[in-house]
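This report covers chain-to-chain contacts, then one residue. The structure comes next.

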Amino acid sequence: MTAQAATSVLGFHAPRTLSDAIDAKVSLGGDAAYLAGGTDLGVLLRRRRLAPAHLVSLTSVPDLQVMERRAGEVVVGGTVTHRRIEDADLPEPLRALREACSTVGSVQTRNVGTIGGNLANASPAADTAPALVALGAIVEVAGPDGERSVPVESFFTGYRTTMLGPSDLLVAVRIPVPARAGGSAFEKLGRRKAMEISIACVAVRIELAPDGTVASAGIGLGSVAPTTVRAVEAEASLLGARPGPDEARRAGLAALEACTPIDDVRATAAYRRAVVPGLVARAVERAATSAELRR
Amino acid sequence: MISVELRVNGSDYRLDVPPGAYLLDVLRDRLGLLGTKEACAEGECGACTVLLDGMAIDSCILFAAQANGREVTTVEGLSSPQHLSALQRAFARAGAVQCGFCTPGFLVAATELLERCAEPSEAEIRVGLAGNLCRCTGYTNIVAAVRAAAEEWEA
Amino acid sequence: MRTAPGTIGVSSGRLDATAKVSGSFVYGVDASRPGMLWARLRRSDLPHAEITRIDVTRAAELPGVRAVITGADTAGCVAGRYVRDEPILAAGRVRYRGEPLAAVAADTEEIAEEACRLIDVEYEPLPVVSSIAEALAPDAPLIHPDWESYWAMPAIRREGNVLSRASLRRGDAAAAFATADRVFEDRYETAMVHQVSLEGRVAIAEVDGEGNVHVWSSHQYPFGLRRDIADILNIPLHKVRVTITGVGGGFGGKLYAGVEPYCVLLARATGRPVKMVHTREEELTATSPRMGSVVEVRTAVSADGRFLAREGTVFYEAGAYSESSPGMASVGPMILPGPYRWEALAIDGVAVYTNKANCGSYRAPGAPQAAFAGESQIDRIAAELGIDPLELRLMNAVEDGDLGPSGQVLEAVSITEALRRAAARIGWGEPAGPNRGKGLACSWWTTTGMPSSAYVQLNEDGTFVLFTGATEIGTGAVTAGVAQMCAGELGIDPCDLTVVSADTETTPYDFGAQGSRTTVQAGAAAVVAAADLRAQMLEVAAEKLGCDPTDLVVADGEIRHRDDPALALDVVDVARLGRGGLLGRGSHEQPPTPFDETTVEGAVVGVFHNPAFAAHACELEVDPVTGEVTVQRYVIAQDVGRVVNPLYAEGQMAGAVVQGLGQALYEELVYRDGEVLNPNLTDYKLPTIVDVPEIETILVEQPSSTGVYGTKGVGEQGIIAPPACVNNALRDAVGVQVARLPITAERVWREMQQE
């Protein structure tokens, strides 16, 4: 086996503050990589797809570890692990995030893999991204040029690319907790039932007005485009109506507007198009049922 | 070289290692703890599972530097030489060990599982061990072993 | 039949369990020798090409590199037990992407790997043959232009890209087809899949000043490996010693020489021990996968469901070199008929060269491919005739006295019992629910014979040591089964027996852990050896006690007169009287099973010896949106003849089933233009613990007259039926089957769309 060190690495740095981390990355330049949990980076270095000379570890920065409920939102720091999110008592309307986190890899992956790392890696199949898109999450970014926030669907700019500059890092994700009756759900399809990179994954958030019609909806799709995408047409199709099976089906079909899938070693584009409507409809129904409980 | 401090199976070590050294290789090649195995080198099979501050992780993709100042438990640390743990005895008795190459990883992952949840259902056992591949047993006796150990477990 | 002692049929613990659970068991990857160097292989970048230039200068100059060898250094080092077609380092032509071209020994693995990258190779590409169809096309490029000049086992019929054609003809198939009420014709395909032993191939070699070679290897067949090393490297057999380390899985993939010859050559070149370990990528791209297949099957039946005739061809894709494929091609004609009565059969098994890694043996080699086709078609027949699949099988199942495909007379036939018990357990006949279905599939398999020998020694302290050439590869066959059999014959508890195994210098010959043979054959040899030692002990005691050996019994560490307990000797005293030299010897070779040799041509496997039978039943659910299949229940009822260790026999059954489910639903080596696209465990999908249900095992016992105590081989058979069993349950659930493995959700979805 390749029982060797990642031989390119000459330095390992463990800054303790956010500004130290950014300063370290800036001064080390393009030959350095931020390291969160390492479940993606560790593999890339093993396979020699990346060969950074320096690793700047982010897991010693306390600011990145926060997980707390603030007014109307849950804030999750960039190096919070999937396991911590899974175990946290998140409000039920944020269920899609918990479900998504619980499907990332295995227990071993989730114990060290981080939400920031998952997003920054920007795989179009990232499990947490559709959930965060559906939940209307905001990503907080910090770097040498200061801080800014973007909606999570704008975080991804292309295949495996994000709006992060070379020394930017993801500080936190802020997820609104619905004021209205809200529910969410996540569905993932893979060849097997664990440790999977998805063939397709979807997340849906539904918020109901007092009269039971949909006041707000969020739908995120993964593995069906170069980036995680928001199914805007599908969301619009749900507004103003009670979310029954027909509406769910219609939303599922409308979600195809946002899909530009490809053929790859896991599945064909045609198959992805075929399953997305059903998976979306299923998630809509589950989210709506959950929201109904809080109306 | 960088200096890394580890507490492994209760013993403290300070080691000079290459900055890119993975924890698995440090455990095997530097500390002679050969019980933890490499089978895929990419965090997909769990044969390299160790506990890091009590959490099951794949040591083949964790840099030793990430474990600096932390506690590591390997299969060798699950018991004393005279006295196997409940899980180890259960695995041996229940036919959960065939070639045994996956066994250390399973034992460590199952240890975390039972520490978190003393009476797991079959579904919880399977989800908790989904990161560990076995090619020999078909998993049935592994689940039975964890069940049997759970009955004896002192959290 | 020999009476089985009290240790038989007991789930005793295995002798290696404590070491394995404590992490102290030493596998090949854990072993080392002082002063050891590390070796790596430089492998071909192209699937089919002539090497026009190979330059190792930069590699040899890298600090820390101690030796570099290429094909120029290994001319004449050619492997192949059936067809001698595989140079261990390519010299002129490369025939698969990943074929070894050079080997490097260096101070560290990193340096060896870096050196391999510095070996410059230039190629003249040749057209790539990527499939069976391409290999058999009239104008197909010849992968082995010099095939005629190769030594081959006389039985093998080969020509051009056809590596081996085995034929089975019995009865008048043409007449049966002409007069049959119904004829069914189908085509099936299976993918190449890999054993994926968690420990890959690994070996250390050391050569001393006298040219004596010592190899430590994670391997299944030390005597075969020794023979390979001696033949390939032209070293006298007696100067090669093979010691098997702990083995982290084999499943047939560690039966032939793999990394060992390179280690030996580099050890010779450097004067230091040399270790080579495969990476997972090397395992998945270049190490003996199961042959892919195309199966064409035509079956004639009567309107009331009687099987009349089956004809067809099992085409196997063998890859670039022969390894075990020529022999395994003859498995197809034995398996395609299944455990059923036929009036006529006309089946060929054809192994074909292509530009992919050479295939090898993987648990029941050649069988799942044919069984997928044969058993899936049976359910299609059942559906078309309106007959219940269980009833159709029962109607046609073989019984004692019926003939097998090649005319052997079947005895201890248990397929009906297995079918009934499996069907009862799965609740056959009770509806499964919406989108759910139940399926059945049957199999039969051989117990490979070939010789085993053993010695049993009496220690000074009255304990015993078994020396067996058999290899423990994880099944428990040696550390439980054979140990139990030997201990039982000695009248001791198995945990009081020391077992020394699998070393060509210290243990006698054994044909290896293959073909489900170890418990039956090595066990029989150990029983004979134990009996021989007992006889010697009784002789010695009788002489001392002044009585007849037949008056004595062995019990509780004593040898005593059956009528006068005071007339006794402690076993320790017997050991001393024997001057420490009492040694029992035993040899065993399963008697060959007679069959009609006129029915087979070009076949290495023309009969199934001491055969066993199995029936599988499963229940699954299909997701109507995605086509995803979830197996909810799986039952395997397998005839083991006479069970030696129930826990580990069931362990073999469950383990084989899950590998079979892997082949059924998840696993395939994806090739494009001769390149494996998924050479890692992220993309080559093994079943995880959440992908499979509890495997419910039913032990059927129909003792054979050939196996000692009535035993039959156990380890392989469970892998044969699962793909068809799943396919048949799929048909019950949603009315469609998939003609190609693996049965992915996408393929199910596509079939459902067409309905």
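## Chains B and C

Chain B brings 39 residues into contact with 40 residues of chain C. Two residues are in contact if their C-beta atoms, placed from the backbone, lie within 7 Å. On the side of chain B that touches chain C, helices H2 (86-93), H3 (103-116), H4 (122-128) and H5 (140-152) of chain B give two or more residues. Helices are DSSP runs of H or I with at least four residues, strands are runs of E with at least two, and both are numbered from the N terminus.

That side of chain B has 23 nonpolar, eleven polar and five charged residues. Ala, Val, Leu, Ile, Met, Phe, Trp, Tyr, Cys and Pro count as nonpolar, Asp, Glu, Lys and Arg as charged, and the others, Gly among them, as polar.

## Basis

The model is predicted: local features need pLDDT of at least 70, side-chain atom pairs count only at pLDDT 80 or more, and totals for chains, interfaces and linings use all residues. Residues are numbered from 1 along each chain as its sequence is written, while chains are lettered from A and ligands numbered from 1 in the order in which they are written.

## Chains C and A

Here 21 residues of chain C are in contact with 20 residues of chain A. Helices H3 (109-117) and H19 (745-754) of chain C each supply at least two residues of the side that touches chain A. By class, that side of chain C has eight nonpolar, five polar and eight charged residues.

## A:Ser223

A:Ser223 lies in the loop between strands S13 (214-222) and S14 (229-230) of chain A. A:Ser223 is buried because 28 other C-beta atoms lie within 10 Å; the cut-offs are 20 or more for buried, 12 or fewer for exposed, and partly exposed in between, with C-beta atoms placed from the backbone.

Neighbours within four places in sequence aside, A:Ser223 is in contact with A:Pro124, A:Ala125, A:Ser198, A:Ile199, A:Ala200 and A:Cys201. A:Leu239 is 16 residues away along the chain, and its C-alpha atom is separated from that of A:Ser223 by 25 Å.
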